[in-house]
Amino acid sequence: MKIARAAVLLCALFLAWSCGQQDTGNFKITLKLPENLINDCKKDSKYEDFVDDFCIVNGDSVELSIFSTDDLSRPYVFDETRVLPVGGLTGSSDFSSLRSNRYYRFFVKVTNTQEKVKLTGGAEGILYEDTKNYEINIFLGLTGDFVRVVSEQSDKTSLSTYFTEDDVPSGARAVVLKDGRIVLAGGSIWRDSGSESYLTRTNYIDMAKLTVTDGPSLRMGVKDHVAALLETTDAKGALSPKTGKVVIAFGKTQDGYNDKIYLLDPEKNTVEQKVSFTNRAHARALTIGGEVYISGGCDSGSASRDIIKVDKKGSASSWKLMEQGRCLHGMIDVSWVTTDDEGVETLHPAILVFGGAKKYINTDQDKELIGYNDEAFAEIIDDLGTQKITVAGVECVTTGAQTSCTSLAGFGAARVKWDDPNKGPNEDIVVAASGGFTQTANDQPLSFSIANYILRGTGDLTNPKGMTWALSSSGTAIRCAYATMVPISSPDSFTVQYTALNCGTGKSIERNHDARNEQYIYSLEVRAAGTPGDFGLSASARASVNDGSIDNSNSGYFLDGPTVVNDFGQAFLFGTRYIYVISGFSDSLD
Amino acid sequence: MNYGMKIVAMVVLTAFSFALFAQDKSPSAPGGVNLKVGENFYFEGKTDAKDDDQKEATMAEIKRVPFYETTWFIATVSILVIAGAGTGIYFLTKTEPPQGNILVWNSENK
């Protein structure tokens, strides 16, 4: 009988072990393709007008790169790349095993037979355990061009993962968390009557699941606030929570202006109120070295000179004062890193601010742009203090009683970098700016800016205050009062760098529910021409395979949605119904 | 392993557990019956309150061979042991490609 019992026990153990085989660390990645606005992927590429950019077709290559790290506070390390030849419209392939208890980052690049990188996408922050099974999506977007994010190609409304058309906020702000999710916070909704409702709403947009879920409510409804990622750490210096926290500060409220700074914790799903400063809206914020810097902001009477720093413990305090109070301005990270003899790197935070307004702008009659009263058009602020910088091309010209000065507010701006000294000015600071509005003369109302700008500093990158600065411009068809811009990843060793510009639907400086047009989205090219030491730069809107950078099916209420960029250099732009993506050409911005 | 197989496995496990429990507990269960089978059988039990017919019925039940000594039980256990061991060996030694670690795409989703 003992033998029988042992046999039964062995049998039971075998069966129990067998049952446990369901979760064995299987990992399935489904590549989600964008909605094809041009044609049908089922058509063969032999059709003359077939645009295969939206599809994975015979002859393409799918390149999967895998990165991992043991802690999200440390950079990902490259593990391997697999190139998978494509033999048809559908396919699958195995890839190598993953290691348990590590965070993974996957980047997918689809290249056609002419070696054109046409689709890219990625997912990150995925903690792998070999006792679980995983199924994730990677949404592939067109490189350097915009597409709507949809979860199924066949269902154009499948990113009702966003909001219904009359429920999309204007003046909202967004942030990408360390796990790749996007937090969208606040904004206001225009009603048919013309009334405006300010939102306390926050949402998590998960691009790996292609879903939107509710986040915690803000303490008060705000628009034109700031939001930035704060990498809070615990007592041991480890990133905590793993997602980072979101600094949400200031903004316009239903009855006035907000003076508070909040911290949103995605792990606890809470919003914590920190300190109060003075009322302001249209400030700007940056994350530098995991800490958040907030510059300026204004109310109906004046603009703030403050630069506030929120450190990794979540404490906010005044860091420096700008020479000029400003809002609706550009704020660019011009920090540098030094390395001592022992190889220890030190980050030196530095910020470039330029342009902007001296008060909250409501109409084109608010002639309060910086530039007309000997105000500093641009400044650089670092640990040592603040310094106005002289910018060639920024000037005032008087003709009779009329004076015209360089002025610009409400624009989108982003810094672009070249990785190859033979392809572009990799030792310069180069900032592209577009959209927004200007005051063409002292007696003129505000009007749309009609130029793409390049603000360029040449000299020593470790001394931006000592650089020689110049502003150049070229004409453009881009017209939008409240634009947002981020850089996207460019091809390695390439002459052109790219940015993504969300023009929203606003075709008016005055923001009313009926002051709207179609959704305009652009990818901006910053092209270097010449030889090392003598590169010339130009900025222009990149031609889109879509109809004139417009989504015709996306009319709606006035909207100036935010734009964010993830770790892959892939931009997400918020429109009236859809979230758009402009994919980068490589796996990161660096 | 699909859901159906999982149910079958759990049923088998439950059956085994019950069988082990029954074998351990039956001989000494409180209020049980000491049984001796022979020409002149006797039993101990609370039969005083029962009439003769009832006594006969009770004895008919008690006279049965213990279930774990029955042919059907031994055959069933044997089959299940072999099946279970086979299943376990199958999963231990299977060499089919992994179900996971897969990248899939579909451009025909129109």
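What share of the contacts in chain A with a separation of 6 or more comes from residues 24 or more positions apart? In this predicted model, such residues account for 62% of those contacts. Chain A contains 1 helix and 46 strands, whereas chain B contains 3 helices and 3 strands.

**Overall form of chain A**

- The radius of gyration of chain A is 25 Å, close to the 25 Å that the globule rule gives for 590 residues, so chain A is as compact as a globular protein of that length.
- The C-alpha trace of chain A spans about 110 × 65 × 60 Å along its principal axes.
- Of the 590 residues in chain A, 49% are buried.

**A five-stranded sheet in chain A**

- Chain A holds an open sheet of 5 strands in the order 3-2-5-6-8, with antiparallel pairing.
- Strand 3 (77–85) and strand 8 (141–142) of chain A stand at the edges of this sheet; each has a single partner strand, so one side of each is left without a neighbour in the sheet.
- The partner of strand 8 of chain A is strand 6 (residues 117–128) of chain A, and the two pair in the antiparallel sense over 2 bridges.
- Within this part of the sheet, A:Leu119 stands opposite A:Leu142, which belongs to strand 8 of chain A.
- In general, the strands of a sheet pair through backbone hydrogen bonds, in either a parallel or an antiparallel manner.

**Chain B**

- Read from the N terminus, the elements of chain B follow the order α-β-β-α-α-β.
- Buried residues make up 7% of the 110 residues of chain B.

Technical notes. Residues are numbered from 1 along each chain as its sequence is written. Chains are lettered from A and ligands numbered from 1 in the order in which they are written. This is a predicted model: local features need pLDDT of at least 70, side-chain atom pairs count only at pLDDT 80 or more; totals for chains, interfaces and linings use all residues. Helices (H or I, at least four residues) and strands (E, at least two) are DSSP runs, numbered from the N terminus. A residue is buried if 20 or more other C-beta atoms lie within 10 Å of its own, exposed if 12 or fewer, and partly exposed in between; C-beta atoms are placed from the backbone. Two strands pair if DSSP finds at least two bridges between them. The radius of gyration is taken over C-alpha atoms; the globule rule is 2.2 Å times the number of residues to the power 0.38. Two residues are in contact if their C-beta atoms, placed from the backbone, lie within 7 Å.
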